[in-house]
Amino acid sequence: MFDLKKAVSDWKRSLRKYESLEDGAIAELESHLLDEFDRQKGKGLSDEEAFTKAVAAVGRPEEVGGEYFKDSRRSALAVPSWKRSRFSPALLLNFLKVALRTFRRQAGYSLINVLGLAIGMACSLLIVLWVRDELDFDRFHRNGKDIYRVIALGKQGNDCNSPAPLAPAVVAEIPEVIAAVRIGNVPRVVLQYEKQAFYEDNGIAADPTVFRMFSFPLLRGDGSFDAPDRIVLSASLARKYFGNDDPIGKTLLAEGRVPLKVAGVMADVPRQSHFRFDYVIPLKLAEALDMWGMQWGDFNFRTYIQARPQRSEAEIIRKLNQVALAHRCPQVIHKMAVFSIQRLRDIYLHPIGPYDIPLSSKTYVYFFSFIALLIALIAGINFINLSTARAEKRAKEIGLRKVIGADRSQIVAQFFGESLLITLLSLPLALAMVGIALPHFNELTGKEFSLRLLSSDLAVSLAGIASLVGLLAGVFPALYLSAIQPAQAVRGTLPFRLIGKGQAAGWVKHGALRRILVTLQFTIAITLIVATLAVGGQLRLIQEKSWRLDRDQILTVPIKENIGRQYDLFRGELLKHPAIANVAAKDCLPTEVENNTTGVSWEGKTEDQNTLVMETIRVDENYFSTMGMEIVAGRGFSKAFPGDKETAYVLNEQAVSKAGLQDAVGKPFALYRQRGTIVGIVQNAIFQTMRQELRPQVFHLFRDMATESFKGVALIRIKAGQRLAAVIDHVRGVWHGINAYAPFEFHFLDQQIDAQYGSERRLGKLFAAFALLAILISCLGLLGLVAFTAEQRTKEIGIRKALGASVPRILNLLCREYLLLVILANGIAWPIATIAMRRWLQGFVYRASIGAELFLLSGLSAMAIALLTVGFQAIRAARANPVDSLRYE
Amino acid sequence: MIPKALMAASTKPIILTILKSGEDYGYNIIQRVKEMSGGTLDWSDGMLYPVLQRLEKENLIASQWIVSEEGRHRKYYKITKAGREALVREMAQWQSMIKALNLIWKPLPGTE
């Protein structure tokens with residue numbers, strides 16, 4: 001039932017808040033209200049409706065009060081007492097003082113917060129650096145927006161290469177294309193100037209337009225390729241050969257026989273370029289030397305085109321394929337491939353096909369951004385947990401502030417301010433951590449970041465990260481704490497009603513949110529541990545499956561200069577050293593592929609075996625014995641059979657099984673129509689990356705090593721237990737005895753095999769680092785929480801002990817909850833990690849299993865670390881003398 | 001819709017004009033303003049009272065509490081001598097303002 005008298009007196013009471021409304025004014029407004037009420041009643045409305053309308057007609061009391069206040073104020077800036085002041089320096093000072101005081105009084109917790117946030121921010125910062133760097137590739141070309149790379153999308157995989165005649169045809173026949181450059185990678189060569197010679201790996205052969213299309217500035221010379229015997233050097237390469245002399249016009253000798261006149265010196269190619277090189281030779285020279293096939297069917301060059309500013313990409317792609325078709329490019333005619341184009345700035349993050357220059361991948365960019373977010377999240381969760389857990393300590397302060405007139409927004413501002421302060425405090429710490437971690441980070445990622453980079457525009461993103469973290473971590477505690485009701489806080493009836501109502505509030509009240517957050521932290525940490533172990537397992541599997549000798553070492557030395565011609569002399573000299581067990585020759589490093597072909601035939605080859613690709617390998621008679629590869633059937637190559645050079649083939653087991661041969665030894669076999677016989681079968685040996693299935697291989701002998709071993713290597717088997725340095729000295733001596741200019745160089749084969757898995761090892765290390773950090777930050781948080789719980793329950797523990805509880809029982813009381821949470825986190829993390837790592841392992845032909853022991857190991861280690869963290873605090877609390885905790889009651 | 005600032009500037013002459021014809025109390029003043037302006041001047045009721053207080057402080061009007069027949073307390077306002085003088089000044093100012101505006105807005109030859 002509506003009570004008019006009560007309603008009016010309630011309304012009047014609400015007006016009292018606005019002090020400028022004096023009693024007289026309120027009486028006058030009341031009389032107005034009643035007059036309006038009567039008028040509304042006269043229209044036939046009920047008491048309640050009429051009252052509501054009348055109140056609305058009088059208007060908002062705050063505005064009316066404000067108008068009265070304007071009359072009585074003295075200064076133009078004055079603010080009515082019921083509004084909080086716009087800015088009050090004294091209050092700000094007080095906030096700061098209280099913040100610092102809290103910080104000091106709870107130094108342990110504050111340190112955990114600062115440390116956790118610093119680690120989180122340092123991590124994010126490093127990853128932001130890396131991600132920005134990855135996204136910034138190839139931005140330095142002035143024509144960058146108009147440059148594309150031609151790619152071939154094929155049925156049997158994509159290819160970043162295209163045929164040589166494409167570029168001139170495209171420029172001539174497609175009006176949208178104004179220039180094209182072909183680039184081929186030059187295999188390593190020896191360059192020589194006077195007495196100095198070095199192996200150079202990073203050379204390209206290119207059309208002269210390369211310096212016009214791309215922005216690789218020339219420092220000296222005009223870089224014109226007016227004749228084929230020209231070379232343009234990078235500044236550092238020029239310094240290497242010529243010191244401070246002017247290199248222009250001087251002549252370098254390549255491979256001891258090809259003279260190259262220096263036509264220009266270019267600035268070193270920036271690090272953020274998807275292709276990098278130290279020198280350029282004219283493509284015409286490569287053509288003259290017959291280095292690559294130049295037909296429409298030979299996909300040997302990367303072709304870059306520069307298009308007109310106004311163009312349609314779809315139109316260019318259409319015309320590109322038209323041109324290829326008109327010139328009868330076999331792959332296009334047979335619908336094996338279609339040409340397409342790729343924007344310059346997309347190339348770095350989107351490698352095309354297995355033969356692309358080693359680039360990056362968008363997946364890694366996303367992946368590491370995600371990890372950065374997770375680490376920052378874990379640090380933020382600590383902050384939230386510790387701040388809310390300690391709410392009780394602050395409750396009275398908040399209550400008191402509210403009683404003397406603080407409104408909620410002020411409290412929110414206060415706590416936001418505190419979290420920002422903590423973030424700012426952790427910022428220098430984070431920077432210091434980045435400074436320490438940077439060299440290792442650079443080593444892992446192959447980048448060249450320095451703290452100097454930070455001083456520029458990154459300072460902005462740094463401040464951005466810091467304030468974002470501060471705000472995100474602060475928002476929940478601020479809302480949580482500002483919701484405290486003064487009456488409850490002062491009366492001490494906590495836990496109090498918190499934000500929201502119903503379910504959500506209940507959860508918060510019972511610390512469930514805190515539990516969820518701890519579980520989340522450990523889920524992330526355990527997932528990362530499992531991932532680390534899985535990557536490690538795969539690396540171990542690779543090591544096991546990769547071919548290696550039990551004890552002996554294999555040294556690889558390139559067959560250069562005179563070695564090919566005088567191989568027998570070279571081998572004989574080497575074998576004079578007692579530690580050298582054997583020496584063999586092969587056409588390229590075992591980790592590389594010299595040639596693949598479908599041009600193999602045998603008796604009973606079926607129609608669908610026509611696409612079977614075999615790797616052809618040229619070796620000498622000593623290869624299998626030197627490498628310790630077992631001949632499973634028949635025999636290896638031998639000088640005792642003079643016909644072997646022309647007609648003998650050895651297949652590996654994989655080739656025999658793929659070809660479906662029974663009793664293969666003695667059966668006829670032909671390579672490129674060269675008929676011969678299978679004389680033996682050799683065991684499978686994996687030297688190449690396990691991302692591809694082991695290839696069927698056919699071995700045959702060198703006929704003339706001098707001409708067939710451009711990329712050849714000598715494999716020198718050294719007996720175990722010998723002084724390697726002495727052996728290498730011997731090899732060097734033999735080398736220089738035979739060679740005049742070629743510099744001596746050697747590698748160990750097992751290291752070359754391992755080098756193929758550099759990115760996997762890097763991934764493993766990164767996972768390990770992230771897992772370690774995740775665990776570290778999570779444990780910091782746990783430490784804070786347990787310390788807090790123990791402190792809060794000091795009296796309870798005292799009473800329990802006084803009543804006879806044992807130390808283990810108290811430990812159980814304090815630790816059980818957190819251990820249960822870690823177990824729960826295991827349950828969530830395992831399936832996530834399994835799915836993620838299965839997907840990663842898909843990339844390998846030979847996969848390590850993700851076994852139960854992996855999960856048990858990660859679960860138990862997480863549990864052990866958590867227990868250690870919790871246990872230390874808990875034991876301290878449990879062993880405390882109850883007299884101390886109860887005495888003052 | 002008349003903007004707030006203009007409305008605020010016009011309250012003084014309007015109230016003084018109404019009170020020139022006799023003393024009255026707040027609720028009635030509002031009703032009369034609404035009536036006489038044909039609803040154009042639609043004030044938020046409560047905002048009248050601070051203005052009345054200000055005018056009283058400036059000695060342009062005077063007030064006294066009177067208890068009505070049905071026992072309701074009402075504060076009656078009447079115009080003072082200073083108020084009448086102020087009204088004359090206000091009227092002159094507003095008239096010249098209106099004249100000036102009309103001159104400025106007078107249709108130019110050849111246009112409507």
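Biologist: How many nonpolar, polar and charged residues line the second largest cavity?

Modeller: Its lining has nine nonpolar, four polar and five charged residues. Nonpolar covers Ala, Val, Leu, Ile, Met, Phe, Trp, Tyr, Cys and Pro; charged covers Asp, Glu, Lys and Arg; the others, Gly among them, are polar. Before we go on, a note on the model. This model is predicted: local features need pLDDT of at least 70, side-chain atom pairs need pLDDT 80 or more, and totals for chains, interfaces and linings use all residues. Residues are numbered from 1 along each chain as its sequence is written, chains are lettered from A and ligands numbered from 1 in the order in which they are written, and side-chain values use heavy atoms, without hydrogens and water.

Biologist: What volume does the second largest cavity have, and which residues are closest to its centre?

Modeller: A cavity is a set of points on a 1 Å grid where a 1.4 Å probe fits but cannot get out; lining residues have an atom within 4 Å of a point. Volume is the space filled by probe spheres set on the points, which are joined across faces, edges and corners. Here the second largest cavity holds about 150 Å³. It is lined by 18 residues, and A:A685, A:F687, A:Q688, A:L694 and A:Q697 are the closest to its centre. Two or more lining residues come from each of β18 (614-619) and β23 (697-701) of chain A. Helices (H or I, at least four residues) and strands (E, at least two) are DSSP runs, numbered from the N terminus.

Biologist: How many cavities are there of 30 Å³ or more?

Modeller: The count is four. The largest cavity has a volume of about 330 Å³. Its lining has 21 residues, with A:N113, A:S387, A:R394, A:E418 and A:I422 closest to the centre.

Biologist: Which helices supply the lining of the largest cavity?

Modeller: At least two residues each come from α5 (89-105), α6 (107-135), α14 (362-389), α16 (408-445) and α18 (458-482) of chain A. α16(A) gives the largest share, five residues. By class, that lining has 11 nonpolar, seven polar and three charged residues.

Biologist: Two of those helices pack together. How is α6(A) set against α16(A)?

Modeller: Two packed helices are described by the angle between their axes and the distance between the axes. Axes are lines fitted to C-alpha atoms, for helices over the stretch in contact, and angles run from 0 to 180 degrees between N-to-C directions. α6(A) and α16(A) pack at about 45 degrees, axes 7 Å apart. So α6(A) is oblique to α16(A). Under 35 degrees is roughly parallel, over 145 roughly antiparallel, 65 to 115 roughly perpendicular, and the rest oblique. Their crossing is right-handed (near helix turned clockwise from the far one by less than a right angle; anticlockwise is left-handed). The contact residues divide into 22 nonpolar, four polar and no charged.

Biologist: At what angle do α29(A) and α32(A) pack?

Modeller: α29 (758-792) and α32 (852-879) of chain A pack at about 25 degrees, axes 9 Å apart. They are therefore roughly parallel. The crossing is right-handed. Contact (heavy atoms within 4.5 Å) includes A:I775 and A:C779 of α29(A) and A:A862 and A:I865 of α32(A). By class it has 13 nonpolar, two polar and no charged residues.

Biologist: And how do α30(A) and α31(A) pack?

Modeller: α30 (794-802) and α31 (807-841) of chain A pack at about 150 degrees, axes 10 Å apart. So α30(A) is roughly antiparallel to α31(A). Their crossing is right-handed. A:E796, A:I797, A:R800 and A:K801 meet A:V807, A:I810, A:L813 and A:L814.

Definitions and conventions:
On a 1 Å grid over the protein atoms alone, a cavity is a set of points where a 1.4 Å probe fits but cannot get out, and a pocket is an open set with protein on both sides within 12 Å along at least five of seven lines; lining residues have an atom within 4 Å of a point.
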